[in-house]
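Biologist: Please show me the model. I want to go through its labels one at a time and hear what stands behind each.

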Amino acid sequence: MPAPLPLPSDWQTCGLCGEAMPPGGPCPTCGKLPTSNPTPRQATRQRRWSRTVGSLRIVLVTVVVLGLAWAMLSAVYTGPPVYADPLTTQGSYHLTPGHFTYLAGAITGEDYIVGNYTVTDPVGAAVVFQVYNSTAFSAFAHGHAATPQWSVSGEPAGRIVFAAPYTDTFYLVFENPYQAASGINETLYATTEYQSNVVIG
């Protein structure tokens with residue numbers, strides 16, 4: 001037959017952590033053994049300690065709740081993080097003879113890239129501009145034959161208006177067409193902007 005449960009009046013309060021402690025046993029929370037025959041001074045000290053521990057618990061719970069509330073509210077008001085699209089950019093690029101540089105980024109089908117480019121030094125020098133999908137760019141970068149989605153060659157400047165026919169990573173390639181022996185180094189300035197075809201209104 002199981003032992004009878006102790007009456008509520010038989011339980012004590014732990015003098016260390018303030019938890020309920022079964023009669024005659026150690027505190028289930030901190031393991032402190034009960035004090036036998038506490039003096040009035042010990043009882044007063046235990047009451048103060050219990051009040052202090054209780055107050056600290058209330059403060060701790062309040063701080064945690066306020067911290068969680070602040071974290072959730074700040075996330076709601078700031079919204080998701082916004083990352084700059086790699087195809088919305090501007091800058092100058094240095095092209096040595098026979099070499100190329102590129103901008104790359106994912107484009108959703110039917111979205112488009114607009115912008116312009118120009119050779120700023122030497123003025124009037126030609127540059128080759130091509131747009132490749134991910135497969136064709138891999139072939140181009142390794143020196144194999146590759147078919148661009150769009151190509152403009154022999155111009156010192158041009159407009160960029162490229163609509164992606166499908167979703168993929170596209171590469172906007174600027175190439176210096178001159179032979180290495182020519183010594184013609186080019187400085188190119190380009191600006192691009194990703195624009196969605198979805199109209200929100």
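**What stands behind the labels**

Modeller: V128 stands opposite E175 in β9. This is a predicted model: local features need pLDDT of at least 70, side-chain atom pairs count only at pLDDT 80 or more, and totals for chains, interfaces and linings use all residues. Residues are numbered from 1 along each chain as its sequence is written, and side-chain values use heavy atoms, with hydrogens and water left out.

Biologist: What makes β6 and β9 a pair?

Modeller: Two strands pair if DSSP finds at least two bridges between them. Here 6 bridges join β6 to β9 (residues 168-175), so they pair under that rule. They run antiparallel. Strands themselves are DSSP runs of E, at least two residues long; helices are runs of H or I, at least four; both are numbered from the N terminus.

Biologist: Which other strand pairs with β6, and over how many bridges?

Modeller: β7 (residues 150-155) pairs with β6 in the antiparallel sense, over 4 bridges. V127 stands opposite E155 there.

Biologist: In what order do the strands of the open sheet run?

Modeller: The order is β4-β9-β6-β7, 4 strands with antiparallel pairing. β4 and β7 are the edge strands, each pairing on one side only. From one strand to the next, the twist averages 15°, with axes fitted as lines to C-alpha atoms and angles taken from 0 to 180 degrees between N-to-C directions. β4 and β9 are joined by 8 bridges. In one of them, A106 has T169 of β9 as its partner.

Biologist: Why is β6 called mostly covered?

Modeller: Buried means under 20% relative accessible area, exposed over 50%, and partly exposed in between (1.4 Å probe, protein chains only). In β6, 7 of its 7 residues are buried. Both faces are covered: V127, F129, V131 and N133 on one side, V128, Q130 and Y132 on the other.

Biologist: Why is P97 called buried?

Modeller: The relative accessible area of P97 is 10%. The limit is under 20%, so P97 counts as buried. P97 lies in the loop between β3 (89-95) and β4. N185 is 88 residues away in sequence, but 5.8 Å away in space, C-alpha to C-alpha.

Biologist: Is E110 buried or exposed, and how do you know?

Modeller: E110 has a relative accessible area of 53%. That is over 50%, so E110 is exposed. E110 sits in the loop between β4 (100-107) and β5. Its phi is near 75°, a positive value in a residue other than glycine.

Biologist: Which peptide bond is cis?

Modeller: The bond from D121 to P122 is cis, with omega near -10°. P122 is in the loop between β5 (112-121) and β6 (127-133).
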